[in-house]
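Please keep the sequence and the coordinates in view while reading.

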Amino acid sequence: MVRRNVVGAHYGLVDWLAQRVTAVLMAAYAMVVAVALLQGAAADFVTWRSFMASGLMRFFSFVLVLALAWHAWVGVRDIWMDYVKPVSLRLALHVLTLFALIGSVGWALGILWRL
Amino acid sequence: MASRTLHFKIYRYDPDKDRKPYMQDISVEVDENDRKLLDALVKLKAKDDSLAFRRSCREGVCGSDAININGKNGLACLTDLSSFPEGKPIVLRPLPGLPVIRDLIVDMTQFFKQYHSIKPYLINHDPPPERERLQSPKDREELDGLYECILCACCSTSCPSFWWNPDKFVGPAGLLAAYRFIADTRDQATNERLDDLEDPYRLFRCHTIMNCVDVCPKGLNPTRAIGKIKALMVARAI
Amino acid sequence: MFRTVTIRKFDAVIVGAGGAGLRAAIALSEAGFKTAVLSKVFPTRSHTVAAQGGVAASLGNAEEDHWHWHMYDTVKGSDWLGDQDAIEFMCRKANEVVIELEHWGMPFDRLDNGRIYQRPFGGHMANFGEKPVRRSCAAADRTGHAMLHAMYQRNVRAHTQFFVEWMALDLIRDEEGEVLGVTALEMETGDIYAFHAKATIFATGGAGRIFASSTNAFINTGDGLGMAARAGIPLEDMEFWQFHPTGVAGAGVLITEGVRGEGGILRNSLGERFMERYAPNAKDLASRDVVARAMVTEINEGRGCGPHKDYVLLDITHLPPETIMKRLPGIREIAIQFAGVDPIKEPIPVVPTCHYQMGGIPTNYLGQVVVPGKRSQNEVVPGFYAAGECACASVHGANRLGTNSLLDLLVFGKSAGETAVEELKKMPKAHKDLPKDAFERTLARLNRLETQKDGANVHETRLLMQRTMQKHCGVFRFAHLLKEGVDKILEVQKRVEQTEIRDKSKVFNTARIEALELENMIEAAVATMVSAEARKESRGAHVRDDCPDTPECPNGRDDVNWLKHTLWYKEGNRLDYKSVNLRPLTVETIPLKKRAY
Ligand SMILES: Cc1cc2nc3c(=O)[nH]c(=O)nc-3n(C[C@H](O)[C@H](O)[C@H](O)COP(=O)(O)OP(=O)(O)OC[C@H]3O[C@@H](n4cnc5c(N)ncnc54)[C@H](O)[C@@H]3O)c2cc1C
Ligand code: SF4
Ligand code: SF4
Ligand code: FES
């Protein structure tokens, strides 16, 4: 392949937006949990568990996990893009990151499911 | 202020004779007529004519003499000698992140390549009218804070994203110029310009670190311009 | 030692990428010719970038205006030394070239109706000198910056080939006198090249740095003048230098006339508004030479300000801060940076400062370089063109009006480019052969510098030249000082021929560049001093103590003996004269009159 400097991938806006939106989501989640904690939602394990197991909270946590993963994906990918120049190595790192993230999401969802 | 002695530590490198760069300790007498760092550099050159740096207008409008002064990018001709603390040597280095040609002179090819990549000229496909194209004073005001850029490269060479990807990230100066044309009511290529920038490298390498705003000797704000480009992209996408 | 010269061929080579060079380049590139543009600095760093006030054009956006009125003002401003054909050509073309710039994206300020904003400027009047008119098209106080960037951008679009940080060294001329290109130094490598071309355009700007106190950039060293003079081309009207009244004392940085246009007042150490005594009507807005001389008189008579009583004050503290912020933002920045005062609160210390070179390489209004020959006093030098401050068309004569210089470089940059295009179309495909000795002068100069022993220091010699010019050939000229000045400057010239540099390296050797620049500056300096000493009258910017205002010679001007252009030749340090063209292209001659505002 010729060695050319190529740009013009025509994506990036969605990722950039996603980073902002997911960040907002995570902040909101943290707020909710903080408020709940102040109101004694973690007085003991049982209250905490029932709080987290409520339908609404379960849905919220589900969204959080997805948001976190997406956010992490964009962030980690950006780091690989900045520091890792060989394309093949970078592709491999991207794939590994993806696997790791998908794995984590699955694991987290498993925990949520068992609640 | 009578005459006083200034001490410098200056990055020196002459590819003809030096195997690698070194820092030179040198001092010079300045008097009350020497207000700016550039005045001191001119005196240093009178002492040692092998010291190489760029300069032209000596009034902050040509953008020639951007260097790294005590760790921060700036123009020598706008830097007050009185701003330096007594007793500590003044450390001068070439702009970071670009290849050094000699001493304080860097190779700006990459910087201008990025500037050229955003098509820095007005695009208007209508046949030119007999008289000027009209523009209201309010529309014209949109260009303030954009067109004044002197292409000194202080901003781009202080931007970590530009250091890592000078070949792919347009950098703050180029993006400021891009927005200058997007914001011009006479320009008809807004969509093409946005298309061209919608790329994880060209625009979205900017992580709003704001170094660029901090160093711009003309007080311009590339980060704000970048934000406005992103906002336009969002507006057109949703 | 320098031995090898690499040859590159182009249709046209333009030396200089300031306003004039960029305008010529657009004409040639858009016509499809292979054009090389050489510049000592990246194009947008050329000194056109520093122009503040505006560019003149009788657009009539703010009030009624006409090119003929503009022509009248320019002839009068030139103290009738300007050539009226060239002046008519420039004033008629003004609207066209300014509108073009607008179409290319130049961000002019706007009037409420959306048209280009225009402001008043010294010497520009309505109805043949009746009352001031708003003729200066402006982009805040950064007109030159906006203009230069817009033209560079247009060149990017036209794919012009730039050679950035290349310094032209000498003109290549064959036995028949035809110009065949230039030799040049690539700064980054230190290698020597020859640009072999069918058309060579000089747009190298002024030589304002020959004076100690100057509004000009370090790079304004008159290289075009030096190259032309060494190649046997005379320099025209070099005794005429404009001293701008308001340069920041000490620093030399310019404070635009627009400040006085907005209401600024000049005061002496007594706090007196002294211009009321010198120009009761126009006061602080009298023409530049009048204000500059009034200031020098005040300082000479002991009413200067500051510890050394060597400057006067420019006061705008009575203006509302909003006006200063909106209309003069760049000026406030300059005052804070270079005078250490905020003009909203304190007046700015100013002195008359060398600003603009009216003379230069003689050209006609088509941009072709002309010299006296067997057939006429204006024979075209084949293949050679010049435009901008380095050229003398002559539209500014003995004194330039503010904002006419940016117009000059647009109009004559364009016409030089277009004339070259027409000539190139007529020329054979093959280049004329270079003469055998094409590179001799260049190599000799470079190798002299390489081998010089026990020579003069470049920095010190330059200072000596600048001080000599300032003292002997300044705002006011005194017969005895001029006479002494000629001897002194010729002595300095001898030193320049023996300068020595310690650094002999190749890569970006700025010591060598400065030494070569000094060799150009000294030609301009000698031309100035010798021409000034010889002109025994006062006219425009050239005012002598021994030529006062008399009934026969109003303002000291002697039209019987001195209504003529000076031509200085390097060879033999010789002077010649040619007549002024008083015949415009289509309208009637503007007759001689005493110049008063
Ligand atoms: C501070 C200031 C303010 C001014 N304001 C106004 C104003 O408001 N209105 C107005 O009408 N006029 C104004 N003038 C005057 C006007 O700006 C200049 O006369 C004009 O810009 C000169 O343009 P130029 O293209 O001839 O030369 P420049 O812009 O000086 O360009 C010269 C070019 O030649 C190149 N060059 C020189 N020597 C060589 C060489 N040996 N080899 C290669 N390249 C070379 C340089 O690199 C540069 O690119 C002002 C001048 C000054 C100094
Ligand atoms: S804000 Fe963007 S462009 Fe500016 S320094 Fe930070 S990353 Fe670079
Ligand atoms: S934005 Fe500011 S720092 Fe960056 S190139 Fe332009 S003037 Fe220089
Ligand atoms: S010398 Fe022109 S910006 Fe400093």
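Across the interface of chain B and chain C, 8 salt bridges are found, a salt bridge being a side-chain nitrogen of Lys or Arg within 4 Å of a carboxyl oxygen of Asp or Glu. The same interface of chain B and chain C holds 45 residue pairs in polar contact, both residues being at pLDDT 80 or more. A polar contact is a pair of N or O atoms within 3.5 Å; within protein, one must be able to donate a hydrogen and the other to accept it, and residues adjacent in sequence count only if both atoms are side-chain atoms. On the side of chain B that touches chain C, at least two residues each come from helix 1 (37-47), strand 6 (100-102), helix 2 (109-117), helix 3 (137-141) and helix 5 (171-182) of chain B. Helices (H or I, at least four residues) and strands (E, at least two) are DSSP runs, numbered from the N terminus. Helix 1 of chain B gives the most to this side, with 5 residues. By class, the side of chain B that touches chain C has 30 nonpolar, 7 polar and 23 charged residues. Here Ala, Val, Leu, Ile, Met, Phe, Trp, Tyr, Cys and Pro count as nonpolar, Asp, Glu, Lys and Arg as charged, and the others, Gly among them, as polar.

The conventions behind these values are as follows. Residues are numbered from 1 along each chain as its sequence is written, while chains are lettered from A and ligands numbered from 1 in the order in which they are written. In this predicted model local features need pLDDT of at least 70, side-chain atom pairs count only at pLDDT 80 or more, and totals for chains, interfaces and linings use all residues; side-chain values use heavy atoms, with hydrogens and water left out.

Of the 2 pairs of chains in contact, chains B and C share the most contacts, contact meaning heavy atoms within 4.5 Å. The area buried between chain B and chain C is about 5200 Å², with 51% given by carbon and sulfur atoms. Buried area is the accessible area (1.4 Å probe) that two parts lose on being put together, summed over both. Chain A and chain C do not touch, and their nearest C-alpha atoms are 21 Å apart.

Between chain A and chain B, about 1700 Å² is buried, of which carbon and sulfur atoms give 56%. The rule finds 2 salt bridges across this interface. A:D78 forms a salt bridge with B:R205, with the closest N and O atoms 2.4 Å apart. There are also 10 residue pairs in polar contact between chain A and chain B, both residues being at pLDDT 80 or more. Helix 1 (13-38) and helix 3 (55-83) of chain A each supply at least two residues of the side of chain A that touches chain B. The largest share of that side, 4 residues, comes from helix 3 of chain A, and its residues divide into 9 nonpolar, 4 polar and 4 charged.

Chain A has a mean pLDDT of 87, and 97% of its residues reach 70 or more; pLDDT is the predictor's confidence in each residue, from 0 to 100. Among the elements of chain A, helix 2 (residues 45-53) has the lowest mean pLDDT (86) and helix 1 the highest (91).

The ligands come next. Of the 40 residues around ligand 1, C:S46, C:T48, C:E389, C:S405 and C:L406 come nearest, a residue counting as near if one of its heavy atoms lies within 4 Å. A backbone N or O atom of C:L406 lies 2.7 Å from an oxygen atom of ligand 1, and a polar backbone atom of C:A17 is 2.9 Å from an oxygen atom of ligand 1. Helix 7 (211-215) and helix 8 (222-237) of chain B each supply at least two residues of the shell around ligand 2. This shell has 7 nonpolar, 5 polar and no charged residues. The shell around ligand 3 divides into 11 nonpolar, no polar and 1 charged; among its residues are B:C149, B:C152, B:C155, B:C216 and B:K218.

Two backbone features of chain C remain. Most residues other than glycine have a negative phi, and most peptide bonds are trans. The peptide bond from C:A393 to C:S394 is cis, with omega near -10°, and C:S394 is found in the loop between strand 18 (391-392) and helix 11 (404-426) of chain C. C:H159 has a positive phi of about 55° although it is not a glycine, and C:H159 lies in the loop between helix 4 (143-157) and strand 6 (161-164) of chain C.
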